[in-house]
Amino acid sequence: MDKKMFKIGFLVGVLLIIGVGIFVFFNIKTTINDNTIKPIELSQLDLENLNSEKISLKSGKPIIINFWGTWCAPCVQEFPEFVEMNEKYSDKVDIIMVSDEDVLKIQNFKLKKGYKLNMLRSIKPFNDYGLIGRPATLFYNSKGELKSKIGGSISNEELEEALKGIIE
């Protein structure tokens with residue numbers, strides 16, 4: 001009897017964890033929203049390219065920065081939107097994908113998926129910038145001023161609307 005109760009309890013626990021995970025996944029917009037993202041100045045970012053060379057972002061052209069992780073399903077799902085916008089607007093805006101994971105992990109992800117997006121690594125963990133969740137996308141005008149931010153998954157329409165808001 002104890003074995004049977006253990007199995008039932010274990011099964012209920014697993015189903016509960018899966019249910020909560022599914023709920024959070026599909027409601028990520030309410031968990032991570034624009035208000036949970038602290039404003040980040042470009043000068044605050046401590047970045048390097050995938051060759052481990054330090055990079056500083058300069059104004060002059062509008063910049064979109066997407067904070068993501070290879071393990072983050074909503075992050076990976078929105079990559080095609082960024083690819084499409086990059087192909088459409090690369091002459092008008094720089095789209096930069098930033099992860100705080102190991103450089104090798106980011107390189108392997110980029111190689112495996114074949115993305116031609118500009119990927120950088122944050123030397124600091126995202127928590128140091130006040131980012132508590134992923135994905136998060138920040139939009140800067142050509143002067144380097146933060147104009148808008150979107151927490152959670154981003155749709156093609158949201159991305160294009162925010163992008164048009166920073167192109168002068």
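This report walks through the predicted model above, from its overall layout to a few local details.

## Ground rules

Because this is a predicted model, local features need pLDDT of at least 70 and side-chain atom pairs count only at pLDDT 80 or more, while totals for chains, interfaces and linings use all residues. Residues are numbered from 1 along each chain as its sequence is written, and side-chain values use heavy atoms, with hydrogens and water left out.

## The overall layout

The protein has five helices and seven strands. Here helices (H or I, at least four residues) and strands (E, at least two) are DSSP runs, numbered from the N terminus. Going along the sequence, the order reads α-α-β-β-β-α-β-α-β-β-β-α.

Of the 168 residues, 42% are buried. Buried means under 20% relative accessible area, exposed means over 50%, and partly exposed is in between (1.4 Å probe, protein chains only). The accessible surface comes to about 9700 Å², and 57% of that belongs to carbon and sulfur atoms; areas come from the Shrake-Rupley method with a 1.4 Å probe, and for residues only the protein chains shown count as cover. Among contacts (heavy atoms within 4.5 Å) with a separation of 6 or more, 71% link residues 24 or more positions apart.

## A nonpolar patch on the surface

Have a look at Phe6, Phe10, Leu11, Val14, Leu15 and Ile18: they form a nonpolar surface patch with about 620 Å² of accessible area together. Patches are made of residues with over 30% relative accessible area and no salt bridge; like charges are joined within 9 Å, and nonpolar side chains (Val, Leu, Ile, Met, Phe, Trp, Tyr) within 5 Å. Leu15 sits in helix 1, which covers residues 2-26. With a relative accessible area of 53%, Leu15 is exposed.

## Helix 3 against helix 5

Two packed helices are described by the angle between their axes and the distance between the axes. For helix 3 (residues 73-89) and helix 5 (residues 156-164), the axes come within 10 Å and cross at roughly 35°. Those axes are lines fitted to C-alpha atoms, for helices over the stretch in contact, and angles run from 0 to 180 degrees between N-to-C directions. The crossing of helix 3 past helix 5 is right-handed, meaning that the near helix is turned clockwise from the far one by less than a right angle.

On the helix 3 side, the residues that meet helix 5 are Glu81, Phe82, Glu84, Met85, Lys88 and Tyr89. Their counterparts in helix 5 are Asn156, Leu159, Glu160, Leu163 and Lys164. Ala162 is also found in helix 5, and at 13% relative accessible area it is buried. Leaving out residues up to four places away in sequence, Ala162 touches Phe139, Ser148 and Ile150. Ser148 is 14 residues from Ala162 in sequence, and their C-alpha atoms are 7.1 Å apart.

## Salt bridges

The whole structure holds seven salt bridges, each a side-chain nitrogen of Lys or Arg within 4 Å of a carboxyl oxygen of Asp or Glu. One of them pairs Asp94 with Lys61 at 3.4 Å, N to O. Asp94 lies in strand 4 (residues 94-99) and Lys61 in the loop between strand 2 and strand 3 (63-67), so this pair ties together parts that are 33 residues apart in sequence. Asp94 is partly exposed at 32% relative accessible area, and Lys61 is partly exposed at 26%.

Glu160 also bridges to Lys88, with the closest N and O atoms 2.9 Å apart. Glu160 is in helix 5 and Lys88 in helix 3, so the bridge ties together parts 72 residues apart in sequence. Glu160 is buried at 15% relative accessible area, whereas Lys88 is partly exposed at 46%. Glu160 has a salt bridge with Lys164 too, at 3.9 Å between the closest N and O atoms. Both of these residues are in helix 5, four residues apart, or about one turn of the helix. Shared partners join Lys88, Glu160 and Lys164 into one salt-bridge network.

Most residues other than glycine have a negative phi, and most peptide bonds are trans. Ser52 has a positive phi of about 65° although it is not a glycine. Ser52 belongs to the loop between strand 1 (47-48) and strand 2 (54-55), and is partly exposed at 46% relative accessibility.

The peptide bond from Arg134 to Pro135 is cis, with omega near -5°. Pro135 is placed in the loop between strand 5 (118-122) and strand 6 (136-140).
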